[in-house]
Amino acid sequence: MTSRYRSSEANQSLNSLTPRRRTVVKAAAATAVLAGPLAAALPARAAADTPAFLHGVASGDPLPDGVLLWTRVTPTSEAVPGSGLGPDTQVSWIVARDKALTDIVAKGSTTATAAADHTVKADIRGLTPATDYWFRFSAGGTDSPVARTRTAPAADAAVPGLRFGVVSCANWEGGYFASYRHLAARGDLDAWLHLGDYIYEYKSGEYAARGAVVRPHAPVNEIITLADYRTRHGKYKTDPDLQALHHKAPVVAIWDDHEFADNAWSGGAVNHTEGAEGTWTDRKAAAKQAYFEWMPVRPAIAGTTYRRLRFGKLADLSLLDLRSFRSAQASTASGSVDDPDRTITGRAQLDWLKAGLKASDTTWRLVGNSVMISPFAIGSLSADLLKPLAKLLGLPQEGLALNTDQWDGYTDDRRELLAHLRSNAIRNTVFLTGDIHMAWANDVPVDAGTYPLSASAATEFVITSVTSDNLDDIVKVPEGTVSAVASPIIRAANRHVHWVDTDRHGYGVLDITADRAQMDYYVLSDRTDKNATSSWVRSYRTRTGTQKVERTYDPV
């Protein structure tokens, strides 16, 4: 391909949109108060008024002919995230075929402004499919780090294989992001999928590592305002392991509740008190604006994260937004989980998903899904195990086998979707899920009550948390203690569940060929250790045409 230069529009702020609470927190501090402590928390800079790229660079949403590039420039020392301070700053970028940036194929520039928190996006097009590229931003004589990205295969390409890192639930105060470091070190990822809870909204100390803060949030208050959300995103992107992964491969991200507030739904959240914390409409709008400013994600339908990407003839990836349109979570005692007027997707998104799955001509249909779709009955867990499990899942701690924040709380949508897969003979649908802070490998049964006599409509790989507390952390017992007891009980009550690990933190690597989709599960030695090691623990795969999961004994 001959060199092509295209300037791209950058950084479109999103001001659209609309999301009760366990405890009331004090209002956020004024941005002027935040500036001093935040500046101290940021990496050192050579000169106070020299532009700097303190938050790294990133890319995302790869297409066959393009990719979305992102950075944030700090033009002056006072222009910290969320401050609203700092001058307009010209930022340029170059994209090249080589790491030395000599074979340039695209370049352009834009103005970073305080109105967009000095974030920059460049949607680069005119690139070659399935190709590695390197890119860099520059401002005022300062260059950003050079980062790698990769385009998707051509839509009609016969692709021999794909490999994705898979992560979710990264709580800053819960530990270090070693999962990101280990994924970055692989060097073999086409992209990585973040399935939600990229940030957490809590005030400092409210949700940490077994109750202990490993490293404090900024701001220390619960995030409520636009400045708060911007500040929290900015703090996350100072993490060296997160920066390293963003520098190695493009991300494909969706949001879940903690990008807004705990157990968010279309009209509120458990962790939001209307009035005392402003309106949910304003808070949700602020959270969404900051998210689209700070993440290399293209805003899709109705300013949400549901959209679809294609990777040749091998796979397409439908990405869901299960917060913006959902009905309020049901009480497990009310029986309303089966109410057909309640929804987790919203009508338009469910129709979009069904149509896309039916029309797909790829071998695999992947679904980026923030909460577990497989049915989950707790069964006869003993009281000492039921109470912490219920706390983790947001259940009544007296019992009841249901997590109404998951698809279990919206059974009519699930029935409709699974019936659609069966009636249209749609094969090879794989749900990729986060949220629950445990690792699972599941068949997705049409009727869990009669499974395995009833059919499986799809499969599901659930990834544990990067750092957020899982079951052993809540009980505060040695790792593996709870899982050894709970896992057999959970599987006995849920015959479609092939494996569940309730206790460990880590990440997944999804490897896809025409014959099978395989998830390799990796765990960390200690989430509170900056230098935590990583080890492979299990692998499960689904063979083409089977709609069932089976164990395999080696990682790819």
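In this predicted model, D117 sits in the loop between β4 (104-112) and β5 (119-124); helices (H or I, at least four residues) and strands (E, at least two) are DSSP runs, numbered from the N terminus. Residues are numbered from 1 along each chain as its sequence is written, and side-chain values use heavy atoms, with hydrogens and water left out. Because the model is predicted, local features need pLDDT of at least 70 and side-chain atom pairs count only at pLDDT 80 or more, whereas totals for chains, interfaces and linings use all residues.

**Backbone features**

Most residues other than glycine have a negative phi, and most peptide bonds are trans. D117 has a positive phi, near 60°, and is buried, with a relative accessible area of 2%. Buried means under 20% relative accessible area and exposed over 50%, with partly exposed in between (1.4 Å probe, protein chains only). K476 also has a positive phi near 60°, and lies in the loop between α9 (471-475) and α10 (481-493). K476 is exposed, its relative accessible area being 54%.

|---|---|---|
| A218 to P219 | near -10° | P219: between β10 (191-194) and α3 (226-236) |
| Y451 to P452 | about 15° | P452: between β16 (439-445) and β17 (456-462) |

**The sheet and its helices**

Strands of a sheet pair through backbone hydrogen bonds, either parallel or antiparallel.

Contact means heavy atoms within 4.5 Å.

**Nonpolar cores**

In soluble globular proteins, nonpolar side chains tend to be buried together. A nonpolar core is defined as a set of buried Ala, Val, Leu, Ile, Met, Phe, Trp, Tyr and Cys residues joined through side-chain atoms within 4.5 Å. The largest such core has 40 residues, of which F177, Y180 and W192 touch the most other members. Two or more residues each come from α2 (178-186), α3, α4 (240-246), β11 (251-253), α5 (280-294) and β19 (506-512). The largest share, 6 residues, belongs to α5.

Beyond its neighbours within four places in sequence, W192 has contacts that include G165, V167, Y180, L242, L245 and H246. Apart from this core lies another of 35 residues, among them L63, L193, I254 and A441.

Helix α5 is largely enclosed by the rest of the structure, because 13 of its 15 residues are buried. At 1.5 Å a residue, the 15 residues of α5 should span 21 Å, which agrees with the 21 Å between its end C-alpha atoms. The expected span is 1.5 Å times one less than the number of residues in the helix.
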